[in-house]
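Grab a pencil and let's work through some aromatic rings together. Try each exercise yourself before you read the solution.

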Amino acid sequence: MKFVIIVRTGILAALLSVVSAVAAQDTDSIITYSLDEFVVSARRIQMDVIPVQTLSGQLLENLSAHSVADALRYFSGVQLKDYGGIGGLKTVNVRSMGSQHVGVFYDGIEIDNPQNGVVDLGRYSLDNIEGVSLYNGQKSAIFQPAKDYASASSIYMNAKIPTFDGGKNRNLKFTFKTGSFDLINPSVYWEQKLSDKLTSSLSLDYTNSSGKYRFRYKVDNKLDDRGGYDTTAVRRNGDIQLFRVEQALFGKIKGGEWKTRLYLYASERGYPGAVIKEEPGRFKHEDRQKDRNIFLQTSVRKRITDSYSTQLSGKYAYDYLYYESDTLIQKLRNKYMLHDFYISSANLFEILPFWTANISADFQWNKMNSDIVEFIYPQRWSGWVAAATSFDLHRLKIQASLLTSLIHETTREEKKDIRRDWRKVTPTVMASWQPFQDEQLFLRAFYKDIFRMPTFSEMHLAYMGSLSSYLKPEFTKQHNLGIVYSKNITPSLYMQGQVDAYYNEVTDKLLAVPGGVNFRWTMMNVGFVKIKGIDMSLSATNRFGRELTVDAQLNYTWQKAQDYTPIRVESDTITYKGQIAYIPTHSGSAILSAAYRSWNMSYSFIYTGERFTGSANILRNRLQPWYTSDLAVGRSFRWEKTGIKATVEVNNLFNQAYDVVLNYPMPGTNFKFILNIII
């Protein structure tokens, strides 16, 4: 965050001369100077106890990023799974612990998916998002719901809060995007001041795309005399049509504030499926999916006394999914309906000026319905109670929390061998120390013990005709040691660097294994993963004169995520200590953004090193390293009282052929044209 002070002077020396002159005069004397304008800017330095990465403001706006998933690609320690195209599923994995261990929060309330535990981050547009933050462990602020403590890592999407300048009561922004893949994407963002204490925002977004793009199709056939070939094919059945509406209200009350959000999402899309190189010419994939999602959430925060504050939150969500697929074995036409009810109470106590404590309690109810024959209709009641404390001893900060999780589950088939109840108590301890008073150097460390419950799909494989009888949660143990240093090198140059080394363990990892009656697949707790890594980041902001500002950001991750699952059969020896699937040893990103007068430019680079499609790190499973470069150039100008900004984006600038997920080819060079009109 930057603070700007505007002072009337031609040069800074003139201001100093004023101070000297006043000091030399009698107290009754008055000296008047007529000065020109200059700007003094400084950055407020705020260090988090927990490692955090944030993209916000102008830097986020200038990136070639249009969904939350796009923005997360630039964070260190993150692996994004992208199945290709505008409508492709996009999920995130942080420090190799699995997508189900990542909590995704929108305006402070978690987006939940009890069916498979994965949130599709491609559904959430950045048009009404002020910033995206990634926390390893949990947020540093202890004043939060109990469920916020229940994830191994957390993504926070912070929505824009309406602000009005110059006596305005309304802000309107129209955006139109078009380009490759036959893209048509108009959107509207409307902020309205209803009173001095009540504002609203409305976001409308429509997207239509054929999803067609060309990709390189290469087959190296060494098995027979037919030979291989290298050609260009067209990705099909990747079309999408979606409509999204968000209405939010923001209110102020004495000693606090409240906000309410209504979210509606409807989409229909095709899944192009995998390109099987062992089956030349097979490009026909007719899988289709329809989604209907709605949620209503609200929260209120109020300071009751000087030493006590409270926060209440609540949410109801309904998700409908229709999926159809024609396979060689059977035709699937399945419907799934999910209900989610959530309520939370958090209470902050300021015991002493340096000592605060929080007690929070949450309750959640989930239910899943389906039209599948003999579906067992699972329901889950979950409760969390968290006790947290924080000590702020000037240069030393210590936080600790204890989370109790209580879970009860029922199904229509009450089999005795299915576990119904879980109770777990998990701790977290973190600390930050500033060794030198005059230097913004901080050492930090944390330990977190947490787990995640098996999802409905893992616990109840009804569509496979099998029930998993006694599954245990996946447990993670996280250890982190880091250092962060920031400094204003010159009045116009600010730099910050941070390095974190970590060691994680995931035990009782859930894996699908064949076997049992009629060779049906079932879920078992058979996995054990050890993860060692280093995250490094460096950012800088430099202002050249009054008209040119340059931002730069570098991220690098080294990671060894090895499969230590106990060997069951002789063939498993090739997987023992192997790097787990899709985790690169080396990865990184770079962002360079510049603003000059009415122009802005952004260049971003992403690199992902060698990976394997399984824990058997053999040549057949090896995936080549890949990189992409994106470039965006835009210009802003005014026409009467209307602000206009035009932007041109070139993605995958060098036409790199790559797969994020094996056999799901990504687009080559593609273009996007964006027009923003602000009233």
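**Exercise 1.** Are Tyr263 and Phe295 buried or exposed?

*Solution.* Keep in mind that you're looking at a predicted model. Buried means under 20% relative accessible area. Tyr263 is buried, and Phe295 is buried too.

**Exercise 2.** Work out how the rings of Tyr263 and Phe295 are arranged, and which strands they come from.

*Solution.* Step one: a pair of rings is described by the distance of the centres and the angle of the planes. Step two: for Tyr263 and Phe295, that's 4.8 Å centre to centre, with 5 degrees between the planes. Step three: planes under 30 degrees apart count as stacked, so this pair is stacked. Step four: find the strands. Tyr263 sits in strand E16 (residues 256-271) and Phe295 in strand E17 (residues 287-305), so the pair ties together parts 32 residues apart in sequence.

**Exercise 3.** Which residue has its charged end over the ring of Tyr502?

*Solution.* It's Arg95, whose charged end is 3.8 Å from the centre of the Tyr502 ring.

**Exercise 4.** How many aromatic pairs does the structure hold?

*Solution.* The count is 15. One of them is Tyr135 with Tyr156, an edge-to-face pair at 5.7 Å centre to centre and 85 degrees between the planes. Tyr135 belongs to strand E8 (residues 129-136) and Tyr156 to strand E9 (residues 153-159), 21 residues apart. Both Tyr135 and Tyr156 are buried.

Key: Residues numbered from 1 in each chain as written. Predicted model: local features only at pLDDT ≥ 70, side-chain atom pairs only at ≥ 80, totals over all residues. Heavy atoms only, no water. Phe/Tyr/Trp six-rings, centres within 6.5 Å; stacked < 30°, edge-to-face > 60°. Helix = DSSP H or I, 4+ residues; strand = E, 2+ residues; numbered from the N terminus. Buried < 20%, exposed > 50% of the residue type's maximum accessible area, 1.4 Å probe, protein only. Lys NZ or Arg CZ within 6 Å of the ring centre and 35° of its normal.
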